[in-house]
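Trainee: I'd like to take a close look at one part of this model, and I'd be glad if you went slowly. Could you walk me through a sheet, and then what lies around it and elsewhere?

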Amino acid sequence: MPAQSDGNPAARDDRRPHPLRNLWRLRPYLRPYAPEFGWLLVLALAATAASLAVPLVVQRVVDGPVARHDVAGLLRLGALALVLGLAEAVLIFIRRWTQSSSSVGMEAAIRADIYAHLQRLPAGCHDRWQSGQLLSRITSDLSVIRRFLSFGLLFLVLNVVTYLAVVVLLIRLHPALGLLVAASAVPLFLISRRFARHYHAASRRMQDQQGDVATLVEETAQGLRTMRAYGRGPELAARFAGGARTLHDTGVRKARLLARTAALFDLVPNLTLGMVLVAGTAAAAGGALTIGELVAFVSLQLMLVWPVQSLGWIIANGQEAATAADRIQEVLDTPPTIVDAPGARLLDRAGVRGRLRFERVSFRYPGSQAPVLDEVDLTVEPGETLALVGATGCGKSTLLSLVPRLHEVTRGRITLDGHDLRDLRLSSLRRLVGVAFEEPTLFSMSVWENLTLGRPDAGEQEVRAALALAQAEFAYDLPWGLATRVGEQGLSLSGGQRQRLALARAVLGRPALLVLDDPLSALDVHTEALVEAALRRVLRDTTALLVVHRPSTVALADRVALLDGGRIVAVGTHSELLATVPAYRAVLSAGPVQRHDGAGLVRS
Amino acid sequence: MTEAPDGSRRVPRPRVAPDGGLDLKRWRGRATDPDADRSRAEDATPEAVARLRARSRALLGQLLRPHRRRLGLAVTLLLAQNAAAMSGPYLVMLGIDHAIAPLRAGDPEPLVTVAAAFATASLTEYLARRGFLTLTGRIGQAVLLDLRQRVYGHFLRLDVAFHERYTCGRMVSRLTSDLDSIAELVDGGIDNLVVAALSVLSVAGILLWLDLPLAAVTLLAFPFLFWLSRWFARASAGAYRRTREAVALVIVHFVESLRGIRAVQAYRREERNQQIFAAVNDDYREASLQAFRLIAVYSPGIKVIGNLTVAVVLAYGGARVLGGRTEVGVLAAFLLYLRRFFEPMQELSQFSNSLQSATAALEKLAGVLDERPAVAEPERPVALPTGPGRGAVAFRGVSFGYRPDAPILTELELTVPAGQTVALIGPTGAGKSTIAKLLARFHDPATGAVTLDGVDLRDLADAELRRAVVLVTQENHLFSGSVAENIRFGRPGADDAAVEAAARAIGAHDFIATLPDGYATEVHRRGGRLSAGQRQLVAFARAFLADPRVLILDEATSSLDVPTERLVQRALGSILRDRTALVIAHRLSTVEIADRVLVLDGGRIVEDGPPAQLAAAGGRYAALHRQWRDSLI
Ligand SMILES: Nc1ncnc2c1ncn2[C@@H]1O[C@H](COP(=O)(O)OP(=O)(O)OP(=O)(O)O)[C@@H](O)[C@H]1O
Ligand SMILES: Nc1ncnc2c1ncn2[C@@H]1O[C@H](COP(=O)(O)OP(=O)(O)OP(=O)(O)O)[C@@H](O)[C@H]1O
Ligand SMILES: [Mg+2]
Ligand SMILES: [Mg+2]
C-alpha cells in the first residue's frame, strides 16, 4: 500500500542521479540568504579562530611568564584570553541570532511553495497521493532540511575548516606530529563514506514509513465514526501497531548504524591523541619540543575531538536532508496537468450565453483501462436545464467534473459558446460555473466563509437570497448566525443542512452555468418540493446540467439525457423518453425491477 | 453563552478589511464550543500548565519504567565511557609530569605504561560508546512506539463529540509532528544530554581533586550557569508550547483544504487558501523564531561564562605556579579539563533545544491522554441476554442536545420490539440521525436512557454493543484498501466467500465483479475510486456482513438509482426479517418494507403506526406519501 501509490515512483528507479542532487536543487531558497550565509561563515570562522587562539595563549603563559616569573606578563596574557573568549561568544551570538531567522524563513518559504503547488495539482493527482505522505513532507521532512541548512551545513564547513586550520597549526608547531594528525583524516574519510551510503537508504525508508503512519492516522481520524459504528478500534489499533512497529524497527536499525559510526569517530581521534602523546613525550624528552609546546599541541589537538565527533551527526543529518529533499522534489516535480494554455482567454460573465457542448468527449481515469465516457455528444442550449440520468456508476459525476475542468477530457472537446474550455483561463471558466458535488464539501470555518468560497466579494443580500433559494435559512439560527463555525466536513450539521448549504454556495452570485450533482438527495419530500420551486426560478435563465436519480427532480429539467455504457443513448423531454425509451423507464421507474439480461443495473 | 446576546439573527459584515486586504482572522468563524481547539487539560492558566507538566512527567515515568534495567545498563556503559574519556587529559598530565624525566634518563617504562593505559582507555571508550548509543537507541525507539500506540489507542477511545471539537488535523498533528519532535530528541540528543551532564559532574570532581583553590574559582561559575539555564528552560517552555500549537494549525489547514481540493479548485479558492496558509505558516515561523532566538542567547551565554572562567583560571593558576603552589602539568591538565567541562555544556545548550521542544510535545500528548472519554466503557459491563429473537430497543425519557442550551430531543419515549423494522421519517434537521447516533452510543443522552434488550447502553461493553448494533452512517466512509477489505471491516474474520455472499445479497456483486481487479480493487482514499452509489453499496455490504441484532440505516440508499435501490430494498426485506431495524429515509419507497413508521418533527414523534394505516389516516405521513406517490412514474 505505501509506496506504489506514492507520487511518481518512476522517477525514483530508472536513473540514479547524485544523492545530493535534490538538496542542491533547493538552493534558490538559500539564495536570498546567500550573502548573509557568507557573513555568518566568516563570523563562525572568526569565532573558531578566537577559540583556537586560546591554547596558544596558554602555551605563551606556560613558556613565558610562568617560566620567567613575570606577573605583569601573566596578567596581560590572561586579559588577552579573556578578550578572545568574549569575542568568540559575541560572534557566536550574532551568528545564531541572524541564522535563526533565515533558517525558519527558508523553511516557511519552501512549505508555502509546496502548498501552492499542491493546490495546482488536479484532483486526480490528489486521489493517488496519500495525504499523510504529503503531510509528513511539509512537516518532518522540512524540519530536517531546516536543521541541515541552519546547522548541519554550516558545521560541516566549519568543522572541515577547523580541522584544516588545526592541522596547519599543528604542523607548524611540530611537522612530524602534525602530519601524523593529518593522516588520521584518511580513516575518517573512509568511515564517513561508508556510513553515508548506508544511512541514506535507511533515512529514506524511515521517512516513507513516517508518511505511512501519518496516512494511517489521518484515515483513522476521518473514518472515526465508521470505526465507532463497527467497534473496530482493536483492529485499527493493531493495524497502527504494525505501522508503528515497522517505524520502530527502522529507527532501531538507524540508531545501530549511527552508534557504530559515532563510536568510530570517537576512537580515531583518541588513538591519534595517544600516538601524539607518546611521540610528543619522546620528542620533549629529546629536547626537540618544549613542554609548553607539547601542552599546546595536545590541547590544540583536543580541539579536533568535537568537530570529528560531531561529523557522524552531521553526515546523518545531511543524508536525512538529502532524502527529505528527494521527497519534496517528488511533489514539486509532479507537473500540474490542468493549467492555462498559452494565450488562454478571459470570458466575461455578461458576454456568456451559456451554450455548452460536449463534442465526442471521451474520458478515461489515469491508470484504468476502460474509458468511463466514450464519445459523448451532448448540447445544452443557453438557459436550458438538462438532467443527466443513468444507473449508479455509469459516469454521471465524471461527466460533470469535466465542465469545471477538475479532470481533463481524454479525447474530444467541450465548448462553451463555441470556445474550447481549454482555451479559457481556468479562473475565468471556474468563475462562470457553479458546482455542487454529490457530497457537500464544507470546511471548518464560518458558514459565511463556506458560502462565499468562490465569491469573497458577495454581499449580504446575495448571500441571503442564495440561502433562501436553498431553503437554508436555518443558518441564521445557528448560535452565532453566519459567523458560526461549521464543524469539520460540516459534521455539526444534519445531512440535509449540509446539502442545502452546498446548494446555496453553488447558486450564489448567479453563475452562468450550474452544475449540480444529485443536489436534493438528502432532502425530505417537502423540503425538496420547496427547493425545487425556488430552483426553477433560477434555472429559467441559467444553463444547467443536473444529475438526477429521482423522477421528482427530473421535473426541473427541460430535457433529459440518458447516459448508458459511457454514451448518451437518448435525449429528449421526460415524457418523450418515458414513452419511447424503455431503458429510460427502467432507470427511473419505481415499479417492479425488470432485471433485463439478468445483470444488475449498477455499472462499473 | 453560545446564544447571540440579543437572540437576533446575526449577519456578519463582509470580510474585507479597510485596507482592502482580506481579514484573515475571522475566516474560521466562532466555534460553538468554547473549548474547541484543545483538550480540556490544555488550559493557559498557570495552574493548568503546572498540572500538565506534572502529568507529562508522570507519563515519562510510566514510559521509562519498563526499561529500568536497560537504562541501568546504559548508565553503566555511559559511566565507563565517561571514565575512559576523562582519563585522557589525566594521562596526558602523567605523561608530561612523570614520563619525560625518566625518558631523558633512558627509562621508557613510564611512557609505555601511559601509552598502554591510553590505548585501553580509547578502546573502552569506543566499546562503551557504541554499546550505549545502540542501547539508548533501542530504549528511545521502544518508548516512542509505546507512546505512539498509547496516544493512538486513546484517540480511538475518545468519544465522537471530542473528535468533533478537536478536529482531525489536530489529532494528526499530535500523532505526527509532536511525536517527531520527541523522536528528534531520542535519536539525536538524549545521549549528549546525559554525557554532558555526567562529564560536567565528573570533571567537577576531578578538578576539585586536582587543585582545590583553582577548582573553587572554577565552581564560582556554577551559580551563573544555573541561573542562565533556569531562565532558558522557563522561557523556552512557553515558546515551544506556542510552536506546537502553531504547527497544529498549519496541519489542520493543510489537511482540510487538501481533502476538499475539488471544492477548492472548482471555487477558485486557491488564492485565499494560500493567504490563510501563509498566515498560519507565518505564525509557526514566528513561534519557531522566538524559540530559536532564545537559544541564540543561551548558547553564547554559556560560552561567555566558560571563557571567562578559562581566563580567570589561566591568570590565577599561572600565579599559583609562579608561587610554586602547583605544578605546570596540573595547570595544563586543569585547562584541558575545563575545556571538557564547557564543551559538553555547549552541546547541552544545543540539545536543550530539542529537549524543550520534546517537553512541550509531551505535554500536549499528556493533555490528550488526560482527556476522559465522555462516552466511556462501563466499569462493570452487563452482558446482553442471549437467545434467539433478541434486539428490543427502547428510549426512555431521552433528552439530548449537542449543546446544553439547544435540546434536539426532549423526553423521547420509544419502544421497538425485537425484530421490528421501523422507518423514521421527518423533515431535515428533525433529529433522525441524532436518534440513530444515540442508539449506536456515539453520544449518551443527557437524561433518560437508551436500552437494548432491557440493558442500558451505558452498561454494555463496547465490543458487545458493537456486535449487537451497527449504524450505517449518513456520511459513509471507506478506508483506502481493497473493496474486499472494506466489506470485511464489518466482520474482520470473514473469508472471501462470506464477503462475496454479502455483496451478492445486497446486489453489489455485479459492479464489483466488473472492476479491474474485482474485490481486490483499491478504492483509494475515502473510496474516491468508486462512484457515490457504489460507495453506498459497499458500505451496505459491510453492514450486512456484520450481521448485528439491530441494524440502523441512515439514508443508506440516498445516492442509488431507483432500480438499484429497489434491489437493495428487496434484499432488505429478507435481511431484516429477523432483525430489529431502524431505517431512516427520505424516499418513502423504503418505508414500504417497514412494519411501522415514525414521523419525527422538531425532536418529537408526531405520528406512529403501520404505514398503510398512517397513509389512510390523513395526517402528515399521508400527505408526504401522496406527494411522493405523485412524483413516481
Ligand atoms: N478515480 C477513479 N479512477 C478510476 N475509476 C473511477 C474513478 N472514479 C470513478 N471511477 C469509476 O468510474 C465510473 C463512473 O463513476 P461516477 O462517479 O462518474 O459515477 P456516477 O454515474 O456519478 O454514479 P453515482 O450515481 O453512483 O454517483 C464508476 O464505475 C467508478 O468506479
Ligand atoms: N454534531 C453536531 N453538533 C451540533 N449540532 C448538531 C450536530 N449534529 C446535528 N446537529 C444539529 O442537530 C439537529 C438535528 O440533526 P440531525 O442530524 O439529527 O437531523 P436529521 O433529522 O438527521 O436531518 P437530515 O435529514 O438532514 O439528515 C440539526 O439542527 C443539526 O444542525
Ligand atoms: Mg455520481
Ligand atoms: Mg440525518
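Mentor: Happy to! Let's begin with a rule: two strands count as paired if DSSP finds at least two bridges between them. Please keep in mind as we go that this is a predicted model. Now apply the rule in chain B, where strand β4 (residues 447–452) is joined to β5(B) by two bridges.

Step back to the whole sheet: it is open, has four strands in the order β2-β1-β4-β5 (chain B), and its pairing is antiparallel. Which strands stand at the edges? They are β2 (406–416) and β5 (455–456) of chain B; each has a single partner strand, so one side of each lacks a neighbour in the sheet. In general, the strands of a sheet pair through backbone hydrogen bonds, in a parallel or antiparallel way.

The magnesium ion (ligand 4) has B:Ser433 (OG) and B:Gln474 (OE1) as its protein donors, 1.8 to 2.3 Å away.

Now turn to chain A, where four strands form an open, antiparallel sheet in the order β2-β1-β4-β5. Its edges are β2 (373–380) and β5 (419–420) of chain A, each with a single partner strand, so one side of each has no neighbour in the sheet. Further in, strand β1 (residues 356–363) of chain A runs antiparallel to strand β4 (residues 411–416) of chain A, and five bridges join them. One place to check this by eye is A:Leu356, which stands opposite A:Leu416 in β4(A).

The magnesium ion (ligand 3) is coordinated by A:Ser397 (OG) and, through two OE entries, by A:Glu438, at 1.9 to 2.7 Å. The residues of this pair are 41 apart in the chain, with A:Ser397 in helix α14 (residues 396–402) of chain A and A:Glu438 in the loop between β6 (433–436) and α16 (447–451) of chain A. A:Glu438 counts as partly exposed because its relative accessibility is 21%, and buried would mean under 20%.

Finally, look at the helices α5 (residues 71–120) and α7 (residues 131–173) of chain A, whose axes come within 10 Å and cross at roughly 150°. α5(A) and α7(A) are therefore roughly antiparallel to each other, and α5(A) passes α7(A) in a right-handed crossing. Among the residues that meet there are A:Ile110 and A:Ile114 in α5(A), and A:Leu142 and A:Leu149 in α7(A). Helix α5 of chain A also holds A:Ser102, which counts as buried at 7% relative accessibility. Leaving out residues up to four places away in sequence, A:Ser102 touches A:Tyr33 and A:Glu36.

Notes: Residues are numbered from 1 along each chain as its sequence is written. Chains are lettered from A and ligands numbered from 1 in the order in which they are written. This is a predicted model: local features need pLDDT of at least 70, side-chain atom pairs count only at pLDDT 80 or more; totals for chains, interfaces and linings use all residues. Side-chain values use heavy atoms; hydrogens and water are left out. Donors are N, O and S atoms within 2.8 Å of the metal (3.2 Å for Na, K and Ca); water is not among the atoms, so sites may look incomplete. Buried means under 20% relative accessible area, exposed over 50%, partly exposed in between (1.4 Å probe, protein chains only). Axes are lines fitted to C-alpha atoms, for helices over the stretch in contact, and angles run from 0 to 180 degrees between N-to-C directions. Angles under 35 degrees count as roughly parallel, over 145 as roughly antiparallel, 65 to 115 as roughly perpendicular and the rest as oblique. A crossing is left-handed if the near helix is turned anticlockwise from the far one by less than a right angle, and right-handed if clockwise. Contact means heavy atoms within 4.5 Å.
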